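Visitor: Please take a close look at a single part of this model, and give the cut-offs behind each term as you go.

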Amino acid sequence: ESGLEHEPEGYFRKSDWFADTWSLMVIGEKRARPDLHVRNLDILKWGLAVGRSSKVFGQRTGLWAYDAWAKQVANEAAFLTDDERVLVSRHEVHNAAVGVIAEGRWAASEVLKTMASSESDIADSLIAVSELFRQEHDIMWHIWDLVGGNGSPSAYEEFASSEVRRRISDLIIEARDLDAKALDIIEHALGKPGR
């Protein structure tokens, strides 16, 4: 096999292995698949814990991260510059957050719809949260629209506008409120007997 290097102990190493990988195999004792119901509950409890946490490693998380993000976007002093590199940098940090929320909430929405099919006693709650997450995803796309669209090369210039950032800050708070409502619904669903 090309690209293989051998160690004296018998181990081998392959450079640039990912491009040539067709599959991975884990060697060890076979374990039973986790119970679907238990796995679903673990996912919901983990999501609730993440959403309800306020700080990790000194950084705002959960619902508090939305507040910090909205405050930073609305911070006029941070944008009182003509330095294009600073404006690009500020937009890139913001844009990454928009992308993470858009993708994460869309994926969570889909997972919850699938989960609802096997959790009949809380299916309505899961579908309701799925819809809230889809709305949150759509808000992120609206935020992108305010700066000329996702991937617009002039987005940082639009983002420098006080009015645009005020509108974005309001949308971030709207997204936070949807997230808070979703967490409340999950918390209530997990509080049902048998959960």
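Guide: The largest share of the lining of the second largest pocket, four residues, is supplied by α3, a helix being a DSSP run of H or I with at least four residues, numbered from the N terminus. The model is a predicted one, in which local features need pLDDT of at least 70, side-chain atom pairs count only at pLDDT 80 or more, and totals for chains, interfaces and linings use all residues. Residues are numbered from 1 along each chain as its sequence is written, and side-chain values use heavy atoms, with hydrogens and water left out.

A pocket here is an open set of points on a 1 Å grid over the protein atoms alone where a 1.4 Å probe fits, with protein on both sides within 12 Å along at least five of seven lines, and its lining residues have an atom within 4 Å of a point. The second largest pocket holds about 180 Å³ of space, and its lining consists of W69, Q72, V73, F79, R90, V93, H94, A97 and F159. Of these residues, six are nonpolar, two polar and one charged (Ala, Val, Leu, Ile, Met, Phe, Trp, Tyr, Cys and Pro count as nonpolar, Asp, Glu, Lys and Arg as charged, the others as polar). Both α2 and α3 supply at least two residues of this lining.

Helix α2 (residues 62-74) also packs with α6 (residues 162-190), at an angle of about 175 degrees and with axes 8 Å apart; α2 is therefore roughly antiparallel to α6, the term for angles over 145 degrees. Among the α2 residues that meet α6 are W69 and V73, both of which line the second largest pocket.

Methods. Axes are lines fitted to C-alpha atoms, for helices over the stretch in contact, and angles run from 0 to 180 degrees between N-to-C directions. Angles under 35 degrees count as roughly parallel, over 145 as roughly antiparallel, 65 to 115 as roughly perpendicular and the rest as oblique. Contact means heavy atoms within 4.5 Å. Grid points are joined across faces, edges and corners, and a volume is the space filled by probe spheres set on the points.
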